[in-house]
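Here is a quick tour of one model, written for someone who would rather look at strands and backbone angles than read a summary. Keep the viewer open as you go.

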Amino acid sequence: MKSAKIVGLGKYLPAKRLTNKDLEQMVDTSDEWIKARTGIKERRICSKGKGSSYMAYKASEIALERAGIKPKDLDLIIVATITPDTQFPSTACYLQDYLKAPNACCFDISAACAGFVYGLTTAWQFIKGGLYKKVLVVGSETLSAITDWQDRSTCVLFGDGAGAAVLVDTKKEGFMSSYLGSDGSQADILILPGGGSRQPASYETIDKRLHYMHMKGNELFRIAVRIMVQAAKKSLSQAKLKTSDVSLLIPHQANERIINAVAKRLDIPLERVYVNISRYGNMSSASSAVALCEAHEDGLIKKDNIVVLDAFGGGLVWGSCVVKWA
Ligand code: UT7
């Protein structure tokens, strides 16, 4: 039976750091509040004119180099992003051009913070079905471009960055299961309302600040904990595994309190949960991608380990996948 395995990981974090102290100068907030309520100390900001495709490119170069795969050998490029360079063409097409990967077909996935898990699942299924053999999956976000820097309830949370994974076909270890879900009835909990076909960009949408993210944080918090627990349990049961089998849980990095609550309810000790939110904030689809890459770089993922990704975000969307590391 054919499956897929990850053979290369890469990340890119822009050099510019925005600390909680910097934010104290911009809005009515404090380092203490941000750290206590979210766990975030600083986040990275992409330089002007360099959008999500550039960061995706920098992360992908590393992932491909580590995989020992040339861009021209890629069959498919998937970029998960809610901050594409342009509405169209897709960010995946821009990435293809940066990489010089003419033999790949390219598309974006819009699944907010669960985008990387959606992308990995899509790649796995294309490989399993036999259509493609070598696939690049990237989570890349320039959230600073859609953040309202006058709104303290959101601007302290988000950051920019990218993470990439190269998947190839295998007959042995690799992807074991995936559970994805969505609930469009709760779309307005986390949304960028303006600039799309329903409310095209206009002076009015700009005046009303509709081209920025709007979030009902409190409501989202409760749902996030419940659904991330449910998603991890479902993907584990599909793989015929228990939470005690998990070597490393890589949760979406939206809030350290959410991560702690999810780990507690899953009964997974924090030593087996990867957390880097203090350094980067919430990078939507890039969060899981960067966390997976860093956990691997830190030597926390070894052959035969059971790695569980678990993400949740605006849509609502969620996803969890189980990988036996090859
Ligand atoms: O990535 C997709 C998934 N994202 C999430 O799941 C995010 C989920 N939500 C959260 O992480 C949290 O709800 C937040 C971090 C966004 C907010 O934390 P909270 O503990 O839920 O705070 P709150 O919204 O209930 O606000 C508590 C107080 C309010 O003041 P009053 O009404 O009690 O006087 C806010 O106005 O904190 C105030 N507040 C702030 N104070 C200082 C809100 N933002 C700030 C701020 N600095 N930046």
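This is a predicted model: local features need pLDDT of at least 70, side-chain atom pairs count only at pLDDT 80 or more; totals for chains, interfaces and linings use all residues.

## A walk through the model

Lys240 sits in the loop between α8 and β11. Lys240 isn't a glycine, yet its phi is positive, at about 60°. Is Lys240 buried or exposed? With 76% relative accessibility, Lys240 counts as exposed.

You'll find Ala112 in the loop between β5 (105–109) and α5. Ala112 counts as buried because its relative accessibility is 10%, and the cut-off for buried is under 20%. As background, most residues other than glycine have a negative phi, and most peptide bonds are trans.

One joins Phe88 and Pro89, with omega at about -5°. Pro89 belongs to the loop between β4 (76–80) and α4 (91–99). Another cis bond links Gly315 and Leu316, where omega is about -10°. Leu316 is in the loop between β12 and β13.

Here are these backbone spots side by side:

| Site | Feature | Value |
|---|---|---|
| Lys240 | positive phi | about 60° |
| Phe88 and Pro89 | cis peptide bond, omega | about -5° |
| Gly315 and Leu316 | cis peptide bond, omega | about -10° |

On to a sheet. Four strands make up an open sheet in the order β8-β13-β12-β11, and the pairing is mixed.

β8 and β13 (residues 317–324) run antiparallel and are joined by seven bridges. As a landmark, Gly181 is opposite Trp318 in β13. Two helices pack on this sheet. Helix α5 (residues 115–129) touches β8, β12 (306–313) and β13, and its direction makes about 130° with that of β8. Helix α8 (residues 217–238) touches β8, β11, β12 and β13; here the angle is about 145°, taken with the direction of β12.

Next, strand β7 (residues 160–170). How many of its 11 residues are buried? The count is 10, so to speak a strand that is mostly covered. β7 pairs with strand β1 (residues 3–12) in the antiparallel sense, over nine bridges. Within that pairing, Lys5 has Val168 of β7 as its bridge partner. Strand β6 (residues 134–142) also runs antiparallel to β7, joined by nine bridges. There, Ser140 stands opposite Ala162.

One last stop is Thr205, in helix α7 (residues 203–207). Thr205 is buried, at 6% relative accessible area. Its side chain reaches the backbone nitrogen of Ser202 at 2.8 Å. Which residues does Thr205 contact once neighbours within four places in sequence are set aside? They are Gln199, Pro200, Leu210 and His211.

Technical notes:
Residues are numbered from 1 along each chain as its sequence is written. Side-chain values use heavy atoms; hydrogens and water are left out. Two strands pair if DSSP finds at least two bridges between them. Contact means heavy atoms within 4.5 Å. Axes are lines fitted to C-alpha atoms, for helices over the stretch in contact, and angles run from 0 to 180 degrees between N-to-C directions. Buried means under 20% relative accessible area, exposed over 50%, partly exposed in between (1.4 Å probe, protein chains only). A polar contact is a pair of N or O atoms within 3.5 Å; within protein, one must be able to donate a hydrogen and the other to accept it, and residues adjacent in sequence count only if both atoms are side-chain atoms.
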